[in-house]
Amino acid sequence: MSKYTEDDLREELKTKEYEYGFYTDIESDTFPIGLNEDIVKAISLKKGEPQWMTDWRLEAFKAWKEMIEPEWANVSYVKPDFQGISYYSAPNSKPKYDSLDEVDPELLATFAKLGISLDEQKKLSGVAMDVVVDSVSVATTFKKTLGEKGIIFCSISEAIKEYPELVKKYIGSVVPQRDNFYAALNSAVFSDGSFCYIPKGVRCPMELSTYFRINQAGTGQFERTLVIADEGSYVSYLEGCTAPSRDENQLHAAVVELIALDNAEIKYSTVQNWYPGNAEGKGGVYNFVTKRGICEKNAKISWTQVETGSAITWKYPSCILKGDNSVGEFYSIAVTNNFQQADTGTKMIHLGKNTKSTIISKGISAGKSQNSYRGLVKISPNADNARNFSQCDSLLMGNDCGAHTFPYIEAKNKTAKIEHEATTSKIGEDQIFYCNQRGISTEKAIALIVNGFSKDVLNKLPMEFAVEAKKLLEISLEGSVG
Amino acid sequence: MLKIKNLHASIDDNGVLKSILKGINLEIKAGEVHAIMGPNGSGKSTLASVVAGKEEFEVTKGTVLFNDEDIEDLAAEERAHKGIFLSFQYPVEIPGVSVTNFMKTAINETRKAKGLEEMPAKEMLKLIREKSELLEIDRKFLSRSLNEGFSGGEKKRNEIFQMAMLEPKLAILDETDSGLDIDALRIVANGVNKLKSKDNAVLVITHYQRLLEYIVPDFVHVLLDGRIVKSGGKELAHELEEKGYDWIKEEVNA
Ligand SMILES: Nc1ncnc2c1ncn2[C@@H]1O[C@H](COP(=O)(O)OP(=O)(O)OP(=O)(O)O)[C@@H](O)[C@H]1O
Ligand SMILES: [Mg+2]
């Protein structure tokens with residue numbers, strides 16, 4: 001077997017095209033379809049979890065059984081058959097490697113086909129990755145460097161075993177088991193995900209990065225991520241996603257919880273590029289995600305997302321601004337094309353005094369897609385001098401798509417200052433002609449205009465992510481104008 | 001370089017085909033400067049747009065030859081690649097796209113069309129520096145969003161900066177002088193003159209002969225109701241400035 005280095009991997013990862021959806025035959029260990037208490041117990045057992053975790057899952061499952069799938073979002077789709085899904089699938093052998101050299105070349109080839117091009121710009125020295133394939137971590141790098149600073153970055157399964165105190169204390173503390181239908185489901189059946197703990201006063205020296213993959217027909221992906229930034233610490237976390245194309249819809253219901261203790265800061269950036277379905281609206285990922293963070297005193301959480309994929313997106317990364325002077329930010333670009341539907345936005349819950357939140361949302365709709373922004377700004381009675389600024393801009397391409405804005409404001413404190421701005425624009429023929437006249441083709445002109453429109457958000461992304469995100473925007477809108 | 005023969009063009013005006021250009025004949029040779037003057041609404045900008053390839057306008061009759069090639073079927077960007085440049089009467093805003101980024105894209109797309117490599121960053125910077133100095137443009141200005149919040153004069157100066165960057169064969173300047181203050185007019189005109197050579201040509205559309213004192217035309221044409229009704233030397237511009245268009249209209253009607 002020839003040696004496969006990380007550089008080789010990186011080289012191979014440079015191309016990314018969904019056109020050739022594929023299916024790898026890494027031998028999987030897949031559960032029978034359906035969901036009941038026994039399946040929940042079996043998942044827990046399979047993962048060698050302690051009893052408290054099993055109980056926690058069962059509690060969630062009980063809650064979920066009583067819940068109904070929400071229908072308030074501005075999306076329409078055939079509901080998944082939750083009894084028609086297999087809830088566990090893992091690559092057959094799952095040893096932990098210190099370096100990618102040791103990883104099954106077939107798996108690496110899978111990554112290559114997936115085109116994990118987010119990696120393109122990343123230098124080995126800069127990014128540690130916790131790669132999640134079909135819900136099980138198979139490779140972790142740079143653990144050592146991180147370890148020296150006392151930073152824990154591992155799979156949540158490992159954390160449950162190695163750091164039970166931390167997990168026990170924080171899991172479900174921001175997104176309780178019964179928070180919503182999908183969160184409850186996730187709590188019952190989550191297969192794996194990432195765990196990160198930054199100790200007091202430590203500034204994480206590199207961007208932490210995780211790739212999520214869906215690679216097994218019919219297995220939903222239920223990731224669980226927990227990031228804890230202890231007092232005065234800082235971490236920037238990147239999450240990037242791709243998925244092979246598949247005709248049947250794939251369900252994804254992740255939960256991400258962020259905890260920023262006093263004076264801590266968490267930046268969480270996502271590029272979501274799951275299979276959006278084909279041009280006729282067939283296939284594609286259902287993405288129902290619950291992401292929420294809590295800020296203690298003087299803490300700050302920034303969510304930045306670039307959402308270009310998935311057939312259905314239902315996602316509201318939120319901040320609970322519990323501590324005085326805490327800050328929440330939400331920067332979002334959501335692109336929909338063809339028959340994609342996105343209902344995304346944020347909730348900023350102001351509890352502490354002098355809390356501040358900023359929301360910048362850029363929605364781009366093309367084809368026959370529907371793009372909705374839904375945001376809640378809530379100022380509680382004790383949140384003196386709370387501030388919010390929201391800006392929601394929509395860009396329409398063509399006449400068959402839709403952009404919608406649903407801003408909700410609940411202010412229970414008179415000192416609150418809330419500003420909301422919204423614009424809707426269309427790419428004008430005059431703009432296109434102007435670009436054409438300068439030698440820029442219509443396709444390129446659209447990419448340029450869209451990138452310009454999204455600039456405020458693109459600027460919030462870490463460098464290498466921004467480069468990738470720009471390309472993504474271009475790819476997502478290909479063929480959207482004749 | 002440019003040969004326009006019996007050009008007729010119309011626009012779909014809410015379902016009604018409205019005829020705007022009604023038989024234009026014009027020949028511009030390399031090394032020449034032509035000026036087109038004419039009352040508001042006579043079709044000057046339309047002529048410029050049609051030559052540049054704006055698809056909204058339908059050419060119903062006649063031909064446009066550029067370097068002896070019929071360009072009717074060429075898309076606007078292909079005409080640009082061949083060296084046709086239009087300084088817009090009303091430059092369009094593109095929010096979030098800096099002047100520099102826009103120019104970089106324009107230049108590289110043009111090079112790509114010609115089978116050339118992208119311009120190396122160093123060369124690009126040098127070019128930008130050189131041309132911004134020529135037009136006395138503050139470098140900070142180049143990082144602003146294209147035309148967004150630019151004053152009228154700034155927009156026009158920026159158009160000529162783009163022209164300087166792209167070095168076209170044929171530059172059509174549609175009322176580039178309007179909105180420019182006296183100093184800016186001189187700077188812009190000076191820029192245009194510096195770029196002039198025996199291999200390229202300029203078509204100036206203007207209402208005022210002031211610009212023509214700086215950019216001296218070889219020919220002046222009067223466009224009236226979609227037709228060139230009178231042509232002459234630069235003294236014609238003076239005459240128009242003095243007497244307006246009525247006497248020409250009378251001549252035409254007689
Ligand atoms: N998109 C359009 N729809 C309808 N009518 C149009 C359109 N574009 C131009 N026209 C009409 O065509 C005629 C010529 O317009 P054009 O802009 O070419 O005039 P102009 O000579 O450049 O005038 P000005 O000196 O005011 O710039 C005008 O009557 C104008 O209203
Ligand atoms: Mg005009």
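Buried means under 20% relative accessible area, exposed over 50%, and partly exposed in between, with a 1.4 Å probe and protein chains only. The model is predicted, so local features need pLDDT of at least 70 and side-chain atom pairs count only at pLDDT 80 or more, while totals for chains, interfaces and linings use all residues. Residues are numbered from 1 along each chain as its sequence is written, chains are lettered from A and ligands numbered from 1 in the order in which they are written, and side-chain values use heavy atoms, leaving out hydrogens and water.

**Exercise 1. Helix α8 of chain A**

Task: Determine which residues of α8(A) are buried, and describe how α8(A) packs with α3(A).

Solution. 
1. Helices are DSSP runs of H or I with at least four residues, strands are runs of E with at least two, and both are numbered from the N terminus.
2. The buried residues are F181(A), Y182(A), A183(A), A184(A), L185(A), N186(A), S187(A), A188(A) and V189(A).
3. At the start of α8(A), a side-chain oxygen of N180(A) lies within 2.9 Å of the backbone nitrogen of Y182(A).
4. The axes of α3(A) (residues 51-66) and α8(A) come within 7 Å and cross at roughly 145°; axes are lines fitted to C-alpha atoms, for helices over the stretch in contact, and angles run from 0 to 180 degrees between N-to-C directions.
5. On the α3(A) side, W56(A), R57(A), A60(A), F61(A) and W64(A) meet F181(A), A184(A), L185(A), S187(A), A188(A) and V189(A) of α8(A), where contact means heavy atoms within 4.5 Å.

**Exercise 2. A lysine in a strand**

Task: State whether K291(A) is buried or exposed, and list what surrounds K291(A).

Solution. 
1. K291(A) is placed in strand β13 (residues 285-295) of chain A.
2. With 3% relative accessibility, K291(A) counts as buried.
3. The side chains of K291(A) and T270(A) are joined by a polar contact of 3.1 Å. A polar contact is a pair of N or O atoms within 3.5 Å; within protein, one must be able to donate a hydrogen and the other to accept it, and residues adjacent in sequence count only if both atoms are side-chain atoms.
4. Neighbours within four places in sequence aside, K291(A) touches E239(A), V256(A), Y268(A), T270(A), W303(A), K315(A), Y316(A), P317(A) and S318(A).
5. For the chain as a whole, buried residues make up 62% of the 482 residues in chain A.
6. Of the contacts in chain A between residues at least 6 apart in sequence, 85% join residues at least 24 apart.

**Exercise 3. The magnesium ion**

Task: Identify the residues that coordinate ligand 2, and locate them in chain B.

Solution. 
1. The magnesium ion (ligand 2) is coordinated by S45(B) through OG and Q89(B) through OE1, at 2.0 to 2.1 Å. Donors are N, O and S atoms within 2.8 Å of the metal (3.2 Å for Na, K and Ca); water is not among the atoms, so sites may look incomplete.
2. S45(B) belongs to helix α1 (residues 44-52), and Q89(B) to the loop between β6 (84-87) and β7 (94-98), 44 residues apart.
3. S45(B) is partly exposed at 26% relative accessibility, whereas Q89(B) is buried at 15%.
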